[in-house]
Number of protein chains: 2
Amino acid sequence: MLAADPTGEDHAMLTAHHLRRSQSERIVWLCEELAIPYTLVLYDRQPDGLAPPDYKALQAFGTAPIVTDGELALGESGAIVDYVTAKHGGGRLAVGPEAANFADYLYWFHFANGSMMPARMVAMIAGRLGLSEENPAARALLRRSKLAYAVIEDRLGRADYFAGPELTAADIMMVYTLTTTRVYTPYDLAPYPNVRAYLQRIGARRAYQRAMAKAEPGFAPLLE
Amino acid sequence: MLAADPTGEDHAMLTAHHLRRSQSERIVWLCEELAIPYTLVLYDRQPDGLAPPDYKALQAFGTAPIVTDGELALGESGAIVDYVTAKHGGGRLAVGPEAANFADYLYWFHFANGSMMPARMVAMIAGRLGLSEENPAARALLRRSKLAYAVIEDRLGRADYFAGPELTAADIMMVYTLTTTRVYTPYDLAPYPNVRAYLQRIGARRAYQRAMAKAEPGFAPLLE
């Protein structure tokens, strides 16, 4: 555990607890995009790849991401992004019901952990268990993963960002599924030029660069 | 495909497309709780258990649930629940940033498909592939599933509903994971008295009863 603020002052109530190479990079990026005060604490994974005990002790379910805010310890990427944008970000990066792209925003925000992460998880499990596409059960499970990339590629051919022309919290949710998940389960993006162009746009953002430099020092984001 | 309204009139813009024994039961229940006008269309699964082609054709990714609303075809449970409560339900069943239980609401709303459904999916995959807990990889994957039930049991010992004393959209998201998923992957609820008492409260609700009778005729909800 390493407090990013060398003064050690408790100047921010909001603390992002970042488990290295995990979904919690989203929260660091969100805080940087919103330019809100926050404290960052980094946690290394154990040799077995799992979160260390002090991470798991932060919150009952114990999976990344976790933020603390006063007495509150909150998990789940979607919950934290909704909470931080509403309580600390003045609603910036969210899209409200009055906007024409409200449904697009909601769809991609929820697609990230509702469909894309499970698809990536299935691919990881298949890899761990040594299943190839020659196994009929594995093939059926992996088919949805390919479809997920196809619908993403299509979307990014019609809009610069997932919810439309501007970056929103839907991008904060989606980018991790296209980048750092490939540390665990490689996936060739060569057939997806729109995805690759999108990731270059993301990588050019100062807030993303700052977030990844703070959250993952020495790690080059998988933008290609 | 069967339109629930025998007159066939297009009296409601909002249409819930329900794939039998799937997450789309949530949307039928939501509409019944909100008492809003909607059209229900039922789709049977194919003999192989998958959604039929006319269901997949409704929306690009093609997984249940899907709603249509004028020109819009929207997927993802979380997106649809947020959309319907905001656009058709006047915000009822949602919890806003000003409420003391805002974070609890967000957490359980997102836990449903962010953590609980993946946990249930892993159990299903392990079952399909014939993996037992004697397999070390399977054991590691199944450990998180058990923890999910433990944190749910704890929560329902401290509150009548997931977000607090009242039913909210967080319950709409969570209940399916505790009931109908057990059609595919049985899970013994005997060790979880709080979960069983909660499901009895849900099963006593008229709106839930109406929704399940319409969405799953001839199927007794797995409330025990």
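Is B:Glu216 buried or exposed? I looked this up in the model, which is a predicted one.

**Entry 1. B:Glu216**

I find B:Glu216 in the segment that follows helix H9 (206–215) of chain B. B:Glu216 has 1% relative accessibility and therefore counts as buried, since buried means under 20% relative accessible area. I next asked what its side chain reaches, and recorded the backbone nitrogen of B:Arg21 at 2.5 Å. I then listed the residues that B:Glu216 touches, leaving out those up to four places away in sequence. The list holds B:His18, B:Leu19, B:Arg20, B:Arg21 and B:Ser22, together with B:Ala211.

**Entry 2. The contact between chains A and B**

I turned to the interface and noted 41 residues from chain A and 41 residues from chain B in the contact. The two chains bury about 3500 Å² between them, and carbon and sulfur atoms carry 76% of that area. I looked for salt bridges between chain A and chain B and recorded a count of zero. For polar contact, I recorded eight residue pairs between chain A and chain B, with both residues at pLDDT 80 or more.

I then asked which elements of chain A give two or more residues to the side that touches chain B. They are strand S5 (72–75), helix H3 (77–87), helix H4 (102–128) and helix H5 (136–156). H4(A) provides the largest share of that side, with 15 residues. By residue class, the side of chain A that touches chain B has 26 nonpolar, nine polar and six charged residues.

**Entry 3. Aromatic pairs**

I checked the accessibility of both partners. A:Phe162 counts as buried because its relative accessibility is 0%. A:Tyr198 counts as buried because its relative accessibility is 0%.

I also recorded a cluster linked by ring pairs, to which chain A contributes A:Phe61. From chain B, the cluster takes in B:Tyr107, B:Trp108, B:Phe111, B:Tyr161, B:Phe162 and B:Tyr198.

Terms used: Residues numbered from 1 in each chain as written. Chains lettered and ligands numbered in written order. Predicted model: local features only at pLDDT ≥ 70, side-chain atom pairs only at ≥ 80, totals over all residues. Heavy atoms only, no water. Contact = heavy atoms within 4.5 Å. Buried area = accessible area lost by both parts, 1.4 Å probe. Salt bridge = Lys/Arg side-chain N within 4 Å of Asp/Glu carboxyl O. Polar contact = N/O pair within 3.5 Å; in protein donor to acceptor, adjacent residues only side chain to side chain. Helix = DSSP H or I, 4+ residues; strand = E, 2+ residues; numbered from the N terminus. Nonpolar A, V, L, I, M, F, W, Y, C, P; charged D, E, K, R; others polar. Buried < 20%, exposed > 50% of the residue type's maximum accessible area, 1.4 Å probe, protein only. Phe/Tyr/Trp six-rings, centres within 6.5 Å; stacked < 30°, edge-to-face > 60°.
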